[in-house]
Structure formats: C-alpha cells, structure tokens
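Here are my notes on this model. Please read them with the structure open.

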Amino acid sequence: MVRLTLSAVITPPRRSFSEKNAVKRGLPRDTRSANLCLAWLLAISLFLIAALVLDGIARARDQDRAAAHWIKTLDLSMPAFWPAGSPQRLMPGAFPAIDLRPAPSIPARSWETFNPSSGSRGQGAP
Amino acid sequence: MNLLGRYHDLAVWAIGDLRREALPSVTLFVALAALTALLSVALLLTQALSLTADRLMTQTPAVVVRRVDAGGWSPLPVGEALAGAQGIAGVLHPRVRIWGVVSSATGPVNVVAATAAPELPPPWSAPLPGQALVGSGIAPGLSAGADLLLTGAQPISLKLAGRLPENSALALHDVALVHVLDARALLALAEDQASDLVVDVFHDQEIEAIVAELIEAMPWPVHITTRPENTRRLRVELATRGAAVSVTLIPAALAVMTMVAAIGLWGRRQRRRMGLFKALGWTSADILHLHLARALLVGLPAMLSGLTAGYLLLFWPGITWVPRLLFGWNAAAPALYLTARSAVGPLILAVLLVAVPYLTASFWAGWQAVAADPADLLEET
C-alpha cells in the first residue's frame, strides 16, 4: 500500500509519445501540440488505409455470394437490377413481335422501350 | 535519422502554418475530400455493377428454351421438352421452370414455383400449398402470417410464410416463392405444362452448337436465349446507366482546375514570406519541402477520407440509392450488395486524378518562391 502511494507521488503525469519527444528536445508548447496534431493526422490516414484494405478483403469482396447462391438455387435468368416485368428484366433478346407474357391476364407491356439491338434467335416468329 | 528529424521539423512547421490559416485549410480539406469521393463513385460505379452482374450471371442457366406460337409465348409440354433435350449430346441437367410475372398490391411480382428448385438453404423450406416466401420488396408492410393477394390468371390469396433474406435482394427482391400448385393456378398452366426449359452445358463454347440442336429437337417453334447473350445485354444496359453518373466527371474536372488556380494565387500571396525565410537562411529545398509537407498534411487525410466515403457509398451493405437513381425503382428498391473485387484500380485512379494536379500546383507555388531572388520577394507588397 505504501509502495503504491509512493509510486503515485513519484510517477510524473503520463504524456503521449510525441509530447515526451517534444519535452526531450526542449520544444515549446505550440510545437508540442503541432507534434500531437501531426501524430493524429498520420494515425487517421493509416487507420483509413487499413480499414479500406481490410474491409475490401474480408467483407466486401464476396458480399454478392448470397444472391449468386439463390440465383443458382431458383434457376433465375436475371438479377433484380430492374423491377419485375420490365423489358430489361423479363426476357432479354426477345423479338418485339413475340408477346412474352407468361400469364394471359397480365396487361401487355409497352414495346416502345424495347431495345432492338439485342437481336433474337429461334424459329416461327410471326 | 537527421534527415527524418529535419522532415519532422518541417512537418511541424507546416502544421503551424495550417493552424494559422485554419479556415482555408479546412475548406481545402473538404474540397479535396468531396472531389475524391465524387471521382471514386463515378469511376467505381459501372465497374462494380458490371462485375457483380457478371458474377451473378455465371449462376444462371446456360440456355433457356421457350415455346412460341403465332400468339407469342405458349406453355411448354414438359414430357416432350425433356425428351427432346435429353437426346442432345452436351446438354446437362435439362429441367423445366414454372415461373411468371403476376401483379400484387405493391407492383409486379416474379412468381417462382419452389418444387422446381433444389432444396432451399436452411433455415428456409419450400412453401406448402397456400403459402408464399417473398422477397423484401413485396408488400413490405406485411408480416408473417398475413394474407398476400397475387393476381395472375386468377386472383389467389396466399399466407406469407416468411421473408427471403435481404442480403440476396439482387436475386430475390421481388420474387414470390410459392408451391407448384399455386404457381400453376396463377400462371394458367396445366399439370404437364411449364413456363420454359433450361439446360446447362459443360463449357460455354458448346452453347452455340447446342442451340441449333435444341431448335431441331423441339417439335414446336421455340425461342432460345443464352447466358452469353443475356450477359452482354445486361452489361450494355448497366454501362448505359453508369455513363449517366460519369457526367459528374465534367464538374469534377472544373473543380480540379479551380483548385489549382486557387493554390497558385495562394502561392503568390506567400512569396514575401518565403523571401523572408530565404533571407534567414532557409534553402530552396527547405522551402519546397515545406510547401509539399503542407500540401500532404491536408491532402493525404482529405483524399483518404474522400476515398472512404466513395467506397462506403457503393459497398456499404444494402445500399438503395443506386437502384433508385439508375434503375427506375420507385417504392422499395432492392438493397444492393456489390462486390468490391477490382475496386483498387478505380480508387487509385481517383486519387491520382486529384493528387497529381493538387501536388503539382503546390510544388509550383513553392517553386515560384524558390526561383526568385529573396530581395525581390521582400520588396513585393
């Protein structure tokens, strides 16, 4: 108990590395705070680089894996970038004369948005 | 060690300079961060979308065969279709799909019959008749056990058995997984009919040859789409949409030019001070290093902050601003989980596009003072 009390009295207040360095070199207080500022800027930069690299490797690299698994499981033909029923999603490469409604009760789509450059293949198209 | 100490002293001096001009330094920091974030998003967006799409498309069936007649799509007789496909060398796992688009209160829904699929990953199990597992975009207000009305060939009310995972929204966002009986009723398909036939192949190079044989093997007119066709078309669509975001590169270029001009003007204002330093014994190298240290102390954290912001804007799990902005989603947009593979190149390019003009301008501002005579600099007002 006595040793603890004595050490508390004798031990000087804790200083950061840059502050200790500044004190050793006899720098004024302004310079010490600039040192601290420099240390913070470097630390933040290193932290951001490390965070980006680690996140890119550990998490974000394969975060589309679950969707890929479901596409394979359900035999889907297209990812859901566009809403269901839109020309981009429903049946790529279709000839515009072919009505691709899988259910007859669904209203026909407007073919104005059809992209004719995608071409078609098959036989019996009207 | 002495060299390191000298650079350290210059950096400390530069920080003192920056603190004396706090407002311009903070403004420069914000401008650099915003510019880097804008450029990194513009450069990364198309690449991230295309790469994710490519990776997802590799999981889709290689060939889709749909029966057509004079009226368009028509139901596919299952037995004949499978018999025709199984006789073709190179065709792997021919199977039929029962799926289609029906309407719901919140918009169109992709109905997929669950029995056509292999076992679902745990904890999901195939829905029973009268049940539906739905993606996060279908009737988002409904909870498990609620009634979901789907309208196809006939309106059918299904019990919501659960939600499909949101981290797979790029596959499942507007998918309703239902029992095959419900799917047939919704899509007006008889017991021996399906929506289409899909097959896999061992190598993608075999697809072209197999397509011709499939057309020959089917006893009715068919329309065939292949995975390479779909992938190419998707890439074109995504690149077209991504190009809209690339338009932001024009104001970004203007911002870079403005920043260079501002740094040049600032350098001119510092000439008298630099002349004083030279008169006090600073070398030309000291003055150049001071300018570069000051530029790096603001620029490095600012550009890294901008990079982080751009990275998070695209790769934060479940972003929805991209589908809202680019793909025409109005209500509940799918949560995107894009892959960050090959993001390094665009990120480095974004930093270079900002850092090279910025550091060049800072160097030039220092060089203006170095090249001049100290007496001339001190005489300037």
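1. One term first. A crossing is left-handed if the near helix is turned anticlockwise from the far one by less than a right angle, and right-handed if clockwise. By that rule, α2(B) passes α8(B) in a left-handed crossing. Bear in mind that this is a predicted model.

2. Now the geometry of that pair. In chain B, helix α2 covers residues 22-57 and helix α8 covers residues 249-269. They pack at an angle of about 150 degrees. Their axes lie 10 Å apart. Angles over 145 degrees count as roughly antiparallel, so α2(B) is roughly antiparallel to α8(B).

3. Which residues meet between α2(B) and α8(B)? From α2(B) come B:L28, B:L32, B:L35, B:L38, B:L39 and B:A42. Facing them in α8(B) are B:L249, B:A252, B:A255, B:V256 and B:M259. By class, this contact has 11 nonpolar residues, with no polar and no charged ones.

4. Turning to chain A: how many helices and strands does it have? Chain A has five helices and zero strands. Its pattern along the sequence is α-α-α-α-α.

5. Next, burial and surface. Chain A has 126 residues, and 35% of them are buried. Its accessible surface is about 7500 Å². Carbon and sulfur atoms account for 65% of that surface.

6. Last, contact range in chain A. Take contacts between residues at least 6 apart in sequence. Of these, 29% join residues at least 24 apart.

Technical notes
Residues are numbered from 1 along each chain as its sequence is written. Chains are lettered from A and ligands numbered from 1 in the order in which they are written. This is a predicted model: local features need pLDDT of at least 70, side-chain atom pairs count only at pLDDT 80 or more; totals for chains, interfaces and linings use all residues. Side-chain values use heavy atoms; hydrogens and water are left out. Axes are lines fitted to C-alpha atoms, for helices over the stretch in contact, and angles run from 0 to 180 degrees between N-to-C directions. Helices (H or I, at least four residues) and strands (E, at least two) are DSSP runs, numbered from the N terminus. Angles under 35 degrees count as roughly parallel, over 145 as roughly antiparallel, 65 to 115 as roughly perpendicular and the rest as oblique. Contact means heavy atoms within 4.5 Å. Ala, Val, Leu, Ile, Met, Phe, Trp, Tyr, Cys and Pro count as nonpolar, Asp, Glu, Lys and Arg as charged, and the others, Gly among them, as polar. Buried means under 20% relative accessible area, exposed over 50%, partly exposed in between (1.4 Å probe, protein chains only). Accessible areas come from the Shrake-Rupley method with a 1.4 Å probe; for residues, only the protein chains shown count as cover.
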